[in-house]
Amino acid sequence: MQIADVQEAIDHELVSSKAIHDKITEVAAQVSRDYAGKDLLLLGVLKGAVNTMAEFSLAVSIPVGLEFMSLSSYGSGTTSSGRVTIRQDISTDVRGRHILIVEDIIDSGRTLAWLVDELRRRGAASVEIFALLEKPSRREVEVHVKYRGYEIPDEFVVGFGLDYNERFRNLDSIAVLKPDVYQGVQA
Ligand code: 5GP
Ligand code: MG
Ligand code: MG
């Protein structure tokens with residue numbers, strides 16, 4: 001399938017651009033209140049959280065640090081095994097710092113469960129999570145998500161940072177692609 005515009009590839013939209021923006025603004029206001037007077041580090045998980053992080057950090061009104069980590073969890077195709085490895089680490093010492101992990105989506109929860117443990121091992125003062133999306137029906141591991149965005153059904157979604165074969169991260173909403181797109185996009 002030849003795609004001239006990312007919008008053309010959408011089968012159905014699950015979360016609109018406006019809904020994403022409104023939720024991020026609401027959570028940012030809450031976080032700004034909760035962490036007032038504290039040294040907060042926002043930690044984005046690459047690459048999926050990049051758009052959420054960009055918009056979220058601009059809406060937070062207290063001074064924060066920004067860091068990114070790249071993780072990979074090896075599993076059979078579409079599910080993560082929980083065996084997470086760090087592709088790109090942060091260079092900052094997190095000892096004594098309050099960390100808010102910014103994530104695009106929680107699926108099984110394995111990646112975030114691992115990351116929370118890792119940051120605690122490194123001596124963070126506190127570790128909380130903001131996840132823009134959640135698929136509750138897919139959860140395998142218990143992870144406390146303090147700041148929650150939207151719950152979505154068990155469908156493979158793209159947009160606002162989420163990819164299919166490294167494409168569609170630049171779509172401004174969260175959507176399910178037309179079935180023929182899955183055959184036509186080369187990585
Ligand atoms: P977990 O360890 O929670 O199973 O893995 C979560 C990660 O899997 C997310 O950060 C995201 O990168 C990827 N993921 C889970 N569901 C989807 C989805 O519907 N679409 C896309 N593009 N990635 C997903
Ligand atoms: Mg992610
Ligand atoms: Mg991906």
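Predicted model: local features only at pLDDT ≥ 70, side-chain atom pairs only at ≥ 80, totals over all residues.

Reader: How far apart are the end C-alpha atoms of helix α1, and what span should its 18 residues have?

Author: Counting 1.5 Å a residue, the 18 residues of α1, residues 17–34, should span 26 Å, and the end C-alpha atoms are 26 Å apart, which agrees.

Reader: Which residues of α1 are buried, and where do they fall when seen down the axis?

Author: The general idea is that an α-helix has 3.6 residues a turn, so residues three or four places apart point the same way. In α1 the buried residues are Ile20, Ile24, Val27, Ala28 and Val31. Seen down the axis of α1, they fall within an arc of 110°, so they line one face of the helix. The face turned away from that buried side carries the exposed residues Lys18, Asp22 and Arg33, while the cover over the buried residues includes β1, α2 and β5.

Reader: At what angle do α1 and α2 pack, and which residues meet?

Author: The two helices, α1 and α2, pack at an angle of about 45° with their axes 8 Å apart, which makes α1 oblique to α2, and their crossing is right-handed. His21, Ile24, Thr25 and Ala28 in α1 meet Thr52, Glu55, Phe56 and Ala59 in α2.

Note on methods: Residues numbered from 1 in each chain as written. Chains lettered and ligands numbered in written order. Helix = DSSP H or I, 4+ residues; strand = E, 2+ residues; numbered from the N terminus. Expected span 1.5 Å × (residues − 1). Buried ≥ 20, exposed ≤ 12 C-beta atoms within 10 Å, placed from the backbone. Arc of directions from axis to C-beta. Contact = placed C-beta atoms within 7 Å. Axes fitted to C-alpha atoms, helices over the stretch in contact; angles between N-to-C directions. Parallel < 35°, antiparallel > 145°, perpendicular 65-115°, else oblique. Left-handed = near helix turned anticlockwise from the far one by under 90°.
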